[in-house]
Amino acid sequence: MINSKPKKKKMKVSMEDRIITIVSYVIYTLFAFVCFYPFYYIFINSLSANDLSEKGKVLFWIKGLHFKNYIDIVKVPGLFNALKISLARTVIGTTLTVATAAFLGYMFTRETMWKRKLWYRLVVATMYFNAGIIPWYITMRNLGLTNNFWGYIFPNIVAPFYIVLCKTYVESVPKELQQAAEIDGAGTLRIFWQIMLPVIQPILATVAIFSAVNQWNSFQDTLLLVTDPKLHTLQFVLYQYITQATSLKALVNSTSTSSSIAALATAQTATSIRMTVTVVVVTPIVFVYPFFQKFFIKGIMIGAVKG
Amino acid sequence: MKVKDRKKARSYMEFLYIVPFLILVLLFSYYPLYGWVYAFFDYKPPFPLSADRFVGFKWFKSIVDSPTKISQILKVLRNTFAMSGLSLLFSWVPMALAILLNEIKQKTYRRIVQTVTTLPNFISWVLVYSIAFNVLSSTGAVNSILMNLGLIDTPIMFLQSSKHVWFRMWLWLTWKNAGWAAIMYIAALSGIDEEMNEAARIDGASRIQIIWHITLPSLMPTYFVLVMLNLANFLSNGMEQYYVFQNSFNKEYIQVLDLYVYNIAMGNGGYSLSVAISILKSIVSLVLLCVTNALSKLVRGEGFI
């Protein structure tokens, strides 16, 4: 009698258990498939015979493997230059943003600073308003930052959200560390350089990865500020290719006009150019993201505690 | 006395260190606000403001001074409300996903699906559009599969269509963001004391009961904050998603306020009108932010600003 009751309960629980487990797995597997398949689809198409790919015959695996698409896109005008611009803004922009976030995150914890709270509020308040695109454009024009590479960099140097992340992290470091250095006579900058910088590296990694992704993905500033094709970024060029790929294929296809089956499989089509460029633009994110996922997650954890 | 002086000198010195950065903030975040005066002038782009005529509230009135303009702005507002409304209506989706993810106990599998479903959050809208274009074009994966299965005879033109635009935009937004948004709740879940779950289990609570009485309540504070932020940003959908997806077929339904401000500025050089609209939008947004923040203070005892 005493034994039978818990047993019954256990049966019921395990049935319920099984349903919840199945529902969780099924829904998440479907969701993961929907997220994964488009990337996979574009990747296998960029490596398949172009005539099959254009007819929509390549759905689940590579058909007629060849690498000519990746050789040919070098001929797409402007692509290599756009890659250089995107890399340059990612590297330079990220470096300056991270250095600034680290320094200001530390400085805003210095209680000795004159009117510290006021300056901190002045910076953080900018998260909550926005003058609008036209006033921003006119500002950038007045500062000579339209059609200028530095227009990609300067407005992003002081990033309030990253500063808040760094400040929160600095505050979690034991105060004794700073106090000890101060007693030894270290100045404000020296404490930052020799004590803080090595300690706050985990949060700097997080900020760096967020900032790099933002710079790499940025599209709107090119759209608003840049008319000079030499300054177009990879994102912008990709957008142009999607809308004009038909006219591009003539430029890329070499002189031969033979229509043998072998030639058809590797001749560029609007679809093949679009897909190949898409793979090129998405690759850095796909390869970098899984390794740095924990930094992203750490970033929102700290942000969530703060918010 | 000397010590006091040195302290003071240091406090000003520390301020001087951050001055260059404060200048950047003033230049790029505060100085643009001055541009709002353009809404009160007849601004013609190449000329300086001094050469333009002061027109007072002309541009503000012109937003609603003819039936066609009224119907235009109403359409834009309708689209904005529809897109933001859908997001608000389905704002529980990421939380539900987080609860499901939390029930997946197999570690490796969990890590794989988590990585795969959060990846779309980190690609740009241009890439999302490129993916949409490739997958949904007339010879793309979706049409090919549907035709192979014999479900349709002619390809469906998903992107060149004016049907269900709001819902499809919401789907893409969800595809991009939901997986990542779920992680935010997972962060909140990791704070739950494992002992509490254990105690509930010993007391004979079923898995559903644990989800309902422990997991869900512990997610509610995060959910509440996110809903409040959603409300505060009700008028700000951003323009990038709608800009890349817009075409002549869906323009009627896709033009949200942020995109409209851009489109009229680029259209007939209506800089002044565009600025006038963004001023109105900013004022309403500020009110929304204050209201939701006050609401948050009332409910949780603390605001989110």
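Me: A:Asn147 is not a glycine either; which loop holds it, and what is its phi?
Reply: A:Asn147 is found in the loop between H6 and H7 of chain A. With 14 C-beta neighbours inside 10 Å, A:Asn147 counts as partly exposed. Its phi is positive, at about 50 degrees.

Me: Good. How are H7(A) and H10(A) oriented to each other, roughly parallel or roughly antiparallel?
Reply: H7(A) covers residues 160-172 and H10(A) covers residues 201-217, and their axes come within 10 Å. The axes cross at roughly 170 degrees, and angles over 145 count as roughly antiparallel. The two helices are therefore roughly antiparallel.

Me: Which residues of H10(A) make that contact, and what is the contact's make-up by class?
Reply: H7(A) brings A:Tyr162, A:Leu165, A:Cys166 and A:Tyr169. H10(A) answers with A:Ile203, A:Thr206, A:Val207 and A:Ser211. By class, the contact has six nonpolar, two polar and no charged residues.

Me: Which residues does A:Cys166 touch, leaving out those up to four places away in sequence?
Reply: A:Cys166 is one of the H7(A) residues in the contact with H10(A). It is also among the residues with the most contacts inside the largest nonpolar core. With close sequence neighbours left out, its partners are A:Ala101, A:Ala102, A:Gly105, A:Ile200, A:Ile203 and A:Val207.

Me: How many residues does that largest nonpolar core have, and which element gives the largest share?
Reply: The core has 129 residues, and those with the most contacts inside it include A:Ala101, A:Leu238 and B:Tyr129. Its largest share, ten residues, comes from H4(A).

Me: Which element of chain A has the lowest mean pLDDT, and which the highest?
Reply: Chain A averages a pLDDT of 84, and 86% of the residues score at least 70. Over residues 1-9 of chain A the pLDDT is below 50, and this stretch has one contact beyond near neighbours in sequence. Where pLDDT is low, the predicted coordinates should not be read in detail. Among the elements, the lowest mean is 64, for H13(A), and the highest is 95, for H4(A).

Me: Turning to the contact between the chains, which element of chain A gives the most to the side that touches chain B?
Reply: The contact takes 73 residues from chain A and 72 residues from chain B. On the chain A side, the residues divide into 50 nonpolar, 15 polar and eight charged. Elements giving two or more residues there include H4, H10 and H14 of chain A. The element that gives the most, with 18 residues, is H1(A).

Me: Over in chain B, which residues is B:Trp172 in contact with, beyond its neighbours within four places in sequence?
Reply: B:Trp172 lies in helix H8 (residues 165-189) of chain B. It is partly exposed, having 17 other C-beta atoms within 10 Å. Its contacts beyond those neighbours are B:Val128 and B:Ala132.

Me: And how far apart in space are B:Gly191 and B:Lys58, C-alpha to C-alpha?
Reply: B:Gly191 lies in the loop between H8 and H9 of chain B, and it is exposed, with 11 other C-beta atoms within 10 Å. In sequence, B:Gly191 and B:Lys58 are 133 residues apart. In space, their C-alpha separation is 55 Å.

Note on methods:
Residues numbered from 1 in each chain as written. Chains lettered and ligands numbered in written order. Predicted model: local features only at pLDDT ≥ 70, side-chain atom pairs only at ≥ 80, totals over all residues. Axes fitted to C-alpha atoms, helices over the stretch in contact; angles between N-to-C directions. Helix = DSSP H or I, 4+ residues; strand = E, 2+ residues; numbered from the N terminus. Parallel < 35°, antiparallel > 145°, perpendicular 65-115°, else oblique. Contact = placed C-beta atoms within 7 Å. Nonpolar A, V, L, I, M, F, W, Y, C, P; charged D, E, K, R; others polar. Buried ≥ 20, exposed ≤ 12 C-beta atoms within 10 Å, placed from the backbone. pLDDT = per-residue confidence, 0-100. Core = buried A, V, L, I, M, F, W, Y, C linked by C-beta atoms within 7 Å.
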